[in-house]
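Biologist: Before we look at anything in particular, could you show me how to read the contacts between aromatic rings and what surrounds them?

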Amino acid sequence: MPFTMIILVLTSILSIYMRDDRNSLDNLKSSYPYLEQLGKTVYIDSRSIRALDYISKYETSIDLREYPHNMEEIKDSYIVINHDMIGSLKAEDKNRKFTKEIENPPDRWVIIKQISEGKGKVTIYYSP
């Protein structure tokens, strides 16, 4: 019995270490200090908001808001598209729809920063 428990624990640790998505928050974590300096409203998906809250130990000073239904209303603000997270949300809920601007950002949105290390990509846009 003890030998079996040791094998199970070691196998569990190894399988967690080998998972590709175990570092899926790295790009979002890298973007956090940059987002803190922006000083304006930041629109982002709901799961990324919760992840940023966790990253900041629930003491975020960033004005984070979920994407509105009408993205045309966004003015003088930033939009963060966490491509990996949005892909995961769509995969887990096939009926989940995002506005067309998430897939094809308008020309007026200016790319401010892209963070793309390893898996996933985070793109930060400014909407004048």
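**Aromatic pairs and their surroundings**

Modeller: This is a predicted model, and the structure holds three aromatic pairs.

Biologist: Is tyrosine 67 buried or exposed, and is phenylalanine 98 buried or exposed?

Modeller: Buried means under 20% relative accessible area; tyrosine 67, with 14%, is therefore buried, and phenylalanine 98, with 17%, is buried as well.

Biologist: Why is the pair of tryptophan 109 and tyrosine 125 described as tilted?

Modeller: Planes under 30 degrees apart count as stacked, over 60 as edge-to-face and the rest as tilted; the planes of tryptophan 109 and tyrosine 125 stand at 50°, with ring centres 5.6 Å apart, so the pair is tilted. Because tryptophan 109 lies in the loop between H5 and E4 and tyrosine 125 in strand E5, the pair ties together parts that are 16 residues apart in sequence. Tryptophan 109 counts as buried at 5% relative accessibility, and tyrosine 125 is buried at 9%.

Biologist: How many residues of E5 are buried, and which strands pair with E5?

Modeller: Five of the six residues of E5 are buried, so this strand is largely enclosed by the rest of the structure. E5 pairs in the antiparallel sense with E3 over six bridges, and with strand E4 (residues 110–115), also antiparallel, over five bridges.

Terms used
Residues numbered from 1 in each chain as written. Predicted model: local features only at pLDDT ≥ 70, side-chain atom pairs only at ≥ 80, totals over all residues. Heavy atoms only, no water. Buried < 20%, exposed > 50% of the residue type's maximum accessible area, 1.4 Å probe, protein only. Helix = DSSP H or I, 4+ residues; strand = E, 2+ residues; numbered from the N terminus. Pairing = 2+ DSSP bridges. Phe/Tyr/Trp six-rings, centres within 6.5 Å; stacked < 30°, edge-to-face > 60°.
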